[in-house]
Amino acid sequence: MLILDGNKLSTIIRKEISDKVRTFCKTDIRPPHLAAVLIGENPASQAYVRNKIKACEEVGFASTLIKKPESTTEEEVIKIINKLNLDKEIDGFIVQLPLPRHIDEMKVNLAINPEKDVDGFHPNNFGRMALGIPAFHPATPSGIMMLLDRYKINTDGKNCVVLGRSNIVGTPISILMSKKTTPGNATVTIAHSRTSNLKEICANADIIIAALGIPNFVKSDMVKNNAVIIDVGINKIDDHDSSKKYRLVGDVDFENVKHKVSAITPVPGGVGPMTITALLDNTWKAYSKTIK
Ligand code: NDP
């Protein structure tokens, strides 16, 4: 069984990015610059944004954090976005989700200049991705594709089951896995809360990509021998033995599934770090205009 180690692979890819920055950004050339907009005090969002900013520093990117209170209005957020859209020093930016309930995520999304949309959530980028033309791909699916690519996992003609159909993970990864690309060329089934015979569907899968947000949902009896498992889930569960009183687990029952499979991502340390690496890669592309 192969552990698809997102931490290890991220270190390699981030080193490649920082080498490019060092080579390209001679003394008088500014480095790539990512901005992050964080509205409210959601602890998970704060941690995600902190990690993204830290990753920027590690590869030599400049970064700006725009932090606003929960009470910020939709109009004010759009104003911030309009300013970032026009700022020539900013190559790309993200608006950390989820946003407070009184702010319409789609309106915010639509306000972002697609050329700076390094999260790849703007319909222009999403549509272009679906059509297979150059675009920023959403970071988590893009990170998964990098992982499959670098670990040389054969996806060609494989039966791939995606659990979850969110706009940020399930739907885009199902599109990318079905494209005429390598990795890709898979026969994709997209499953959700209305899917019947889920156990049977999963048990026939060569590749399972789990993005439901339900701790340990995928059990050993749902998994075929030698399947490849990509666990996107990040779930906090109580753990009284830990100093934090919680631990993170994925959507897959890792301990019981790992013996059966040919390759699996751990949680933490699998898809999570690859998501940030893909965001850095998108920011590099926005900066160097090498979007493919
Ligand atoms: P959403 O809550 O937006 O979507 C969950 C999906 O799972 C929905 O499509 C839902 O179906 C489906 N679902 C829920 N229950 C079941 C069920 N019993 N059987 C089958 N399908 C079900 O989640 P996200 O896509 O945003 O995130 C999924 C997980 O991935 C979360 O744990 C999140 O924290 C994690 N995540 C991790 C990232 C990373 O970098 N590693 C990045 C982003 C997310 P329906 O559409 O019918 O409601």
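These legends accompany close-up views of a predicted model.

**View 1. An open sheet of 3 strands.** The strands run in the order β3-β2-β4, and their pairing is parallel. β3 (62-68) and β4 (92-95) are the edge strands. Each of these two pairs on one side only. From one strand to the next, the twist averages 15°. Strands of a sheet pair through backbone hydrogen bonds, either parallel or antiparallel.

**View 2. The pairing of β2 with β4.** Strand β2 covers residues 33-39. β2 and β4 pair in the parallel sense, over 4 bridges. Within this view, Ala36 stands opposite Ile94, a residue of β4.

**View 3. The largest nonpolar core.** This core has 51 residues. Those with the most contacts inside it are Phe61, Ile144, Met177, Ile209, Ile230 and Val232. Helix α10 (residues 271-288) gives the most to this core: 9 residues. Domain 1 (27-114) and domain 2 (139-271) both contribute residues, so the core lies between them.

**View 4. The surroundings of Ile144.** Ile144 is among the residues with the most contacts inside the largest nonpolar core. Which residues does Ile144 contact, leaving aside its neighbours within four places in sequence? They are Ile173, Ile209, Ile230, Val232 and Val271. Ile209, Ile230 and Val232 also belong to the list of residues with the most contacts inside that core.

Terms used. Residues are numbered from 1 along each chain as its sequence is written. This is a predicted model: local features need pLDDT of at least 70, side-chain atom pairs count only at pLDDT 80 or more; totals for chains, interfaces and linings use all residues. Side-chain values use heavy atoms; hydrogens and water are left out. Two strands pair if DSSP finds at least two bridges between them. Axes are lines fitted to C-alpha atoms, for helices over the stretch in contact, and angles run from 0 to 180 degrees between N-to-C directions. A nonpolar core is a set of buried Ala, Val, Leu, Ile, Met, Phe, Trp, Tyr and Cys residues joined through side-chain atoms within 4.5 Å. Buried means under 20% relative accessible area, exposed over 50%, partly exposed in between (1.4 Å probe, protein chains only). Domain bounds come from an automatic or database domain assignment. Contact means heavy atoms within 4.5 Å.
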